[in-house]
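Visitor: Hi! I'm new to this one and would like a quick tour. Could you walk me through it?

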Amino acid sequence: MRVTQSSQLLPPVQRGPQITVTIDGQPVAAFTGETIAAVLLAEGRRRFRHTLKDGAPRGLFCGMGVCFECLVTVDGEPNLRACLTPVTDGMAIETEAVVRL
Ligand code: FES
């Protein structure tokens with residue numbers, strides 16, 4: 001779910017141009033300027049990956065690039081932080097990938 005209207009006390013929501021990315025092969029609308037994490041959350045995805053050790057689910061935690069809980073694979077490149085990586089048109093995002101450190 002995306003915010004479409006701000007509180008009357010705040011300026012209106014401003015978005016960049018609409019683009020399309022894929023999440024696990026499914027095309028999804030996104031907006032320039034959003035992070036991968038914002039797009040995943042807007043699509044209702046809370047689980048970005050599972051740990052290699054015990055398969056525990058991981059998702060957005062710190063939201064500012066410190067904890068490394070939000071790792072995803074982008075265009076075949078593993079272990080990118082979803083909370084810091086802006087989306088670009090045509091980007092292929094994979095969640096649930098096995099993360100090998
Ligand atoms: S949520 Fe902590 S690094 Fe992305």
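Visitor: Which residues have the most contacts inside the largest nonpolar core?
Guide: This is a predicted model, and in it the largest nonpolar core has 13 residues. Those with the most contacts inside the core are Ile-36, Ala-37, Val-39, Leu-40, Cys-70, Val-72 and Ala-82.

Visitor: And where does the largest share of this core come from?
Guide: From helix H1, residues 36-42, which gives four residues to the core.

Visitor: Why would such residues gather together at all?
Guide: In soluble globular proteins, nonpolar side chains tend to be buried together.

Visitor: Let's pick one. What is Val-72 in contact with, leaving aside neighbours within four places in sequence?
Guide: Val-72 is in contact with Ile-36, Phe-48, Arg-49, Leu-80, Ala-82, Ile-93, Glu-94 and Thr-95. Leu-80 is also the bridge partner of Val-72 in strand E6.

Visitor: How many bridges join E5 to E6, then?
Guide: Three, and the two strands run antiparallel. E5 and E6 form a hairpin with two residues between them. In that turn, Asp-75 has a positive phi of about 50°.

Visitor: What about E5 and E7, how many bridges there?
Guide: Two bridges join E5, residues 71-74, to E7, residues 92-94, and this pair runs antiparallel. Thr-73 has Glu-94 as its bridge partner in E7, while Val-74 stands opposite Ile-93.

Visitor: Zooming out, in what order do the strands of the sheet come?
Guide: The order is E2-E1-E7-E5-E6, five strands in an open sheet with mixed pairing. Strands E2 (26-31) and E6 (77-81) stand at the edges with a single partner strand each, so one side of each has no neighbour in the sheet. From one strand to the next, the twist averages 40°.

Visitor: New topic: how many helices and strands does the chain have?
Guide: One helix and seven strands. Along the sequence they follow the pattern β-β-α-β-β-β-β-β. The radius of gyration is 14 Å, close to the 13 Å that the globule rule gives for 101 residues, so the chain is as compact as a globular protein of that length.

Visitor: What does the C-alpha trace span along its principal axes?
Guide: About 45 × 25 × 20 Å.

Visitor: Last one: how much of the chain counts as buried?
Guide: Of the 101 residues, 16% count as buried. As for contacts with a separation of 6 or more, 38% are between residues 24 or more positions apart.

How values were computed:
Residues are numbered from 1 along each chain as its sequence is written. This is a predicted model: local features need pLDDT of at least 70, side-chain atom pairs count only at pLDDT 80 or more; totals for chains, interfaces and linings use all residues. Two strands pair if DSSP finds at least two bridges between them. Axes are lines fitted to C-alpha atoms, for helices over the stretch in contact, and angles run from 0 to 180 degrees between N-to-C directions. A nonpolar core is a set of buried Ala, Val, Leu, Ile, Met, Phe, Trp, Tyr and Cys residues joined through C-beta atoms within 7 Å. A residue is buried if 20 or more other C-beta atoms lie within 10 Å of its own, exposed if 12 or fewer, and partly exposed in between; C-beta atoms are placed from the backbone. Two residues are in contact if their C-beta atoms, placed from the backbone, lie within 7 Å. The radius of gyration is taken over C-alpha atoms; the globule rule is 2.2 Å times the number of residues to the power 0.38.
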